Structures are given as structure tokens and as C-alpha cells.
Amino acid sequence: TNDEFITSANLRIVNKDILIVTNTNRMGEGNIFIFDRNGRGLQRVNRLGQGGEEYANMQSIILDEEMDEIYVNSTFSLKMIVYDRSWNFKRSFPQRDDIVLNRIGNFDRDHLIAHDSYFRFENGTVKDEKRNCFLLISKQDGSITEISTPYKEKIASILMGTGADGRLTDRSISNRELIPYRSSWILTELSADTIYSYSPDRTLKPFMVRTPSVQSMDPEIFLFPGVLTDRYYFMQTVKKTYDFVADTGFPRTDLMYDRQENAIYEYVLYNDDFTTKRPISMVFEIPMYTIVNNDEIAFMKRIEAPDLVEAYGKGELKGRLKEIAAGLDEEDNAVIMLAKHKNNN
């Protein structure tokens, strides 16, 4: 590529033709990069600003392929800005200030689907409120329809405590409560024992039920689905504990459910192109990768160029990744791995 398309590659969108990424470490710059599926830079866009046609930040980017529209969730300015595929402004609509839309997806012709992660704080503690966290948002005016996922009592995903500096701070579990699954969406209400699928015809169906009940646990252990295939469901449990002095916590366990064998396992998954064992989580990683779960791609992951250059120099690579790394410089863009379903090769 060239200097115009150098990016730290926060993966946002993948479709049959393009990748859309933003910077992970320079979000305030406002750059959005569009590449083709071979990694060739096509377009760099920057509409950062305070004007009516600009975004103040990019919490989420959503592509509506049918309507050829791109939505940018500008939480700092409490609005959603809609552009066409050439990034010309089309319209915008406001957002309510009592919701935080941390995950958004394209639901149908008229609606986006979103997860609201808002929690209210009182006197340094989390004020739990019983509310519906999954929402349908009109693409025209931003009006909201709530999706009801029943539960007994609200359980927060946030903990507060005193850090090593003596200051009160909070930490929140970063796993995704809303993920795509083929033509539907998986809704994980942390206060409920049932994880639901929600389809375009607005049918809410139980997808899986956990036991024991999260309402009976102290501390709670949450269950999050991740990459989902025809046979295997990759999941992760997260325990709601945190050491604020050490600034570590939320211990995780990776699980895999084999639908054919009707059995569940703990697992470790490795990228086979590394001769050294490099584990990959199919649910949650830092830096985050993107769960896609469509008919073609299960997930996509960023592999940093300096790591590949170092591994290549040590003779730790093989296969296609070795071929790619042979032509890399440590200042090059990251390599994007698209993990496709086996039946699609």
C-alpha cells in the first residue's frame, strides 16, 4: 500500500467486496479506510467535525448493502449520520441521552438493531434498573422499539472499586451481548438464563439455556456465545470478579458445544500457520476482532506486521502466513485473516 492507507486496522465491516477499518490508536483523527478483499486501498474518508454532516466520533459503523448506505454512530454528538457509498451526506437523526449504543447491526430494510449498555451511578455505586437493553432503531428518524428479553432482577456487568492510586474507578466486561448469526441475531441478556435468537420476522426464540441460574450465583458467571457454525458453538464464561489494585480480573474460560455429539468441552484453538502455539479465542480477544457469522465468513482477525516479521525471522511460520510474512516490513499494515466456513472453502 502507500502512506495514505497506513492504518492500525480496527476491523469494522467485511462484505463480498470490501473491508472497512478505522484506527485503533488514533481514533480522534477520524479516518475511515476502505480496502478491497485483497488489501488494496480504495478510499480514505474523513468527515470528522462538529458540523451537521460530520461525526464527532465513530462508536460504530454499519453498512446497509441493500440500500447502499453507511451509518456512523457518533455518540459524542448524540446522533447517527447516514452517508451513501461515496460518503455523501444523506441524513441524520438524534439519539437519546439515556442510552449508550455500544453494539449496532443492520437488521432489516427499515431498522438497525442495537444493544444499550447504559447504567446509572449513584454515590459511587451502580444503580441497577430493569430495562430492555436490545432495541430496534428506525433508519429514518431514530425512533426506538424495545425487544423484551425477560429476566428476574437486573445484574450489572460493571464493578466499582478502589485502585492502587486510592481512586474509585469502574471496570466493565467487554464481551459482546449482541452478535450476528446468519440472517438472525443472538441476544445475550446477562440477567437472564436464556440466550435468544431474534430473526428478521421479529420472532424471539430460545437459542440456549444455561444452568445454574445466573440469579443464584455470587459472584455471577456470565455466558457469551461467539463464533457459531453448523456443528460447533464456541462460547466463553466470564466470572464477575476484579482485583482493582492489580487491575486484573474477569477470568474467562473458553467452551465449545458439539451439537452432533451433544457434548461440551473446554478448548484451546491454535493458528496452524504458527509452528509455536498461538492461541485464538473464538469469542473475545484484545485487541478485538470481528465476529461475522454469515454464510461465508465466521470471523476476521488482525495479525500485526511486527509480530509476523519477528516470527518469520525466527522460523516460526509456515503455509500461507509464511508466504505473506516474507514480503512484510514491520511498519506495514496488519494482515487480516478471514476465517471462512469449511463448506465455502
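This is a short walk through a few spots in the structure above.

First, the ground rules. We're looking at a predicted model, where local features need pLDDT of at least 70 and side-chain atom pairs count only at pLDDT 80 or more, while totals for chains, interfaces and linings use all residues. Residues are numbered from 1 along each chain as its sequence is written, and side-chain values use heavy atoms, with hydrogens and water left out.

On confidence: pLDDT is the predictor's own confidence in each residue, from 0 to 100. The chain has a mean of 92, and 97% of its residues reach 70 or more. Of the chain's elements, strand E12 (residues 125–127) has the lowest mean pLDDT, 71, and strand E19 (residues 194–198) has the highest, 98. Strands here are DSSP runs of at least two residues, helices (H or I) are runs of at least four, and both are numbered from the N terminus.

Let's start with Asn 23. It sits in the loop between strand E2 (18–22) and strand E3 (31–36). Is Asn 23 buried or exposed? Buried, because its relative accessible area is 2%. The cut-offs, with a 1.4 Å probe and protein chains only: buried is under 20%, exposed is over 50%, and partly exposed is in between. What does the side chain of Asn 23 make a polar contact with? The side chain of Thr 7, at 2.8 Å. By polar contact I mean N or O atoms within 3.5 Å; within protein, one must be able to donate a hydrogen and the other to accept it, and residues adjacent in sequence count only if both atoms are side-chain atoms. The backbone nitrogen of Ser 8 also lies 3.0 Å from a polar side-chain atom of Asn 23. Leaving out residues up to four places away in sequence, Asn 23 touches residues including Ile 6, Ala 9, Glu 29 and Phe 33, where contact means heavy atoms within 4.5 Å.

Now the hairpin. Strands E9 (residues 101–106) and E10 (residues 111–116) run antiparallel, joined by five bridges, and there are four residues between them. Two strands count as paired if DSSP finds at least two bridges. Arg 103 stands opposite His 115 in E10.

That brings us to the aromatics. Rings of Phe, Tyr and Trp (its six-membered ring) pair if their centres lie within 6.5 Å; planes under 30 degrees apart are stacked, over 60 edge-to-face, and the rest tilted. That gives 13 aromatic pairs. Tyr 83 and Trp 87 make a tilted one, 5.5 Å centre to centre with 45° between the planes. Tyr 83 is buried, at 0% relative accessible area, and Trp 87 is buried at 4%. Phe 107 and Tyr 198 are stacked, because their ring centres are 5.5 Å apart and their planes at 20°. Phe 107 is in the loop between E9 and E10 and Tyr 198 is in strand E19, so this pair ties together parts 91 residues apart in sequence. Tyr 55, Tyr 83, Trp 87 and Phe 89 form one aromatic cluster.

Last stop, the largest nonpolar core. A core is a set of buried Ala, Val, Leu, Ile, Met, Phe, Trp, Tyr and Cys residues joined through side-chain atoms within 4.5 Å. This one has 21 residues, and Met 282 is among those touching the most other members. Elements giving it two or more residues include strand E20 (204–209) and strand E30 (297–303). A second, separate core has 15 residues, including Ile 13 and Leu 63.
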